[in-house]
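The sequence and structure come first.

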Amino acid sequence: MWRCWTKWNFKYSKFDSLQFFIYKTRRPCGWLGMPETPQAIDPMGKKLYWCSCGEFITTTPESLSSHVSSFHRRQRILRAVLSLAMLTTFGGMLRLLGKRGSFLHISLVVTLLAIPCCLLRNSIASKDRKRRFENKEGKKERSIVQRDPKILNEIQKCRKYNPANSACLKRFENIKRNTHCFYAARAKIWGGHTCKMGTMEKDVKASSGAFFDFANASDVDAFLFEIENTGGEWKEHGRAVYKLLVALGKMDPTDLNVMEQPLEGHTWRFQWDDKYFFITTFAACYPSNHPRFAFRTGPNSYILFQPGSSFTRHRVTAPIRQAIKENFKRNGRRLYSSAIQRHAATVAVLPIDLEEPHRGSKSENFITDPAKGPGRWWP
């Protein structure tokens, strides 16, 4: 852990390198995305905003803006102090050489004037950031992501079937009935059209109208997609899931396609229409002792989308989640560890082997760095 925070990084300038040792951080503070878009949403539906430094998490964009402003204010002061120290040292060297002149006095005056100018500039910038989150009456307002009318119009044209009677729901019923989650048996699920690898975008687009209704419904617990003949092998299952998510991301009415973001980061979460969804997949490639075992329903892949609001609606608290984990373990299908849980992309398509890796082993990479380990299913 200490090596992680004290490793020298040569891509920063001299000032940033000194600041790195003072603040003990490898990365500067800043926004990871648009201010109105959270980096994560917990199972209770609470939005989380992460700072790029990796050391600050908050539930409001105003707090993150204040944190980033404070960091940059300290950074400017630090640079001004360093400049003053350098000029003072240079002046001392001139004195030793007996070359006294007005250049030293001018440099000191300019440096001293630079400090209040930096503070004033930061204060003005901080006020400008606050105006983005406040209306004319001074009350805080929630930023609303605008929907793309072209994509929304395409979605509106696709509502031509009843998702509650989708054919894939009948095939998924065996998994729904046998899984060890307490809420699965009575969950209200909608389904999309059965997708094929060759016509993925067309099939997903045909289901986008129903998925839009599901995303804005308050009484539906999940939405199911089925992909034909892709569940026999884990790599093929992962490729199918990725292709479906890419096609669904293109139909996002907010035009903020999360699939264009890197899946390697721990801040990635699947969002659609400015809403967070927890993804669970089942396939025939998983053995009978795996939590994603498909209970011999066939060679197809099943992708289940659960909105974060459903966890809040059913009051799924931490003790209940722990009881669900114990129920899986009691039935011989132990769930993944908390280390895997922190990476949403790995949770979506779980690796075959969920055993805890030994320190220094290659299998440890899929937890510490999913981009290098065997848990990577995206390209």
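Which strands does helix 6 lie across? In this predicted model, helix 6, residues 167–178, lies across strand 4, strand 5 (222–227), strand 7 and strand 8. Its direction is at about 140° to strand 4.

## Overall content and confidence

The protein has 13 helices and eight strands. Of its 379 residues, 42% are buried. The accessible surface is about 21,000 Å², with 56% of that area on carbon and sulfur atoms. Among contacts with a separation of 6 or more, 67% are between residues 24 or more positions apart.

The average pLDDT is 75, and 66% of the residues score at least 70.

Five strands make up an open sheet with mixed pairing, in the order 4-5-8-7-6. Strand 4 (189–191) and strand 6 (271–272) are the edge strands, each pairing on one side only.

Strand 7 (residues 275–282) and strand 8 (residues 301–307) run antiparallel and are joined by six bridges. At F282, the bridge partner in strand 8 is Y302. Strands of a sheet pair through backbone hydrogen bonds, in either a parallel or an antiparallel manner.

## Aromatic pairs

The structure holds 17 aromatic pairs. In one of them, the ring centres of F172 and F282 are 5.9 Å apart and the planes stand at 65°; the pair is edge-to-face because that angle is over 60 degrees. F172 belongs to helix 6 and F282 to strand 7, so this pair ties together parts that are 110 residues apart in sequence. Both F172 and F282 are buried.

A second example is F211 with F225, whose ring centres are 6.0 Å apart and whose planes are at 35°, so the pair is tilted.

## A294 in the loop between strands 7 and 8

Where is A294 placed? A294 sits in the loop between strand 7 and strand 8. Its relative accessibility is 2%, so A294 counts as buried, the cut-off being under 20%.

Not counting residues up to four places away in sequence, A294 touches I175, A283 and A284. The C-alpha atoms of A294 and F172 are separated by 8.7 Å, although the two residues are 122 apart along the chain.

## Strands 2 and 3

Strand 2 (residues 47–50) and strand 3 (residues 57–58) run antiparallel and are joined by two bridges. Y49 stands opposite T58 in strand 3.

In a regular strand the side chains alternate between the two faces of the sheet. Which residues of strand 2 are on the covered face, and which on the uncovered one? K47 and Y49 are on the covered face, whereas L48 and W50 are on the uncovered face.

Definitions and conventions
Residues are numbered from 1 along each chain as its sequence is written. This is a predicted model: local features need pLDDT of at least 70, side-chain atom pairs count only at pLDDT 80 or more; totals for chains, interfaces and linings use all residues. Side-chain values use heavy atoms; hydrogens and water are left out. Two strands pair if DSSP finds at least two bridges between them. Helices (H or I, at least four residues) and strands (E, at least two) are DSSP runs, numbered from the N terminus. Contact means heavy atoms within 4.5 Å. Axes are lines fitted to C-alpha atoms, for helices over the stretch in contact, and angles run from 0 to 180 degrees between N-to-C directions. Buried means under 20% relative accessible area, exposed over 50%, partly exposed in between (1.4 Å probe, protein chains only). Accessible areas come from the Shrake-Rupley method with a 1.4 Å probe; for residues, only the protein chains shown count as cover. pLDDT is the predictor's confidence in each residue, from 0 to 100. Rings of Phe, Tyr and Trp (its six-membered ring) pair if their centres lie within 6.5 Å; planes under 30 degrees apart count as stacked, over 60 as edge-to-face and the rest as tilted.
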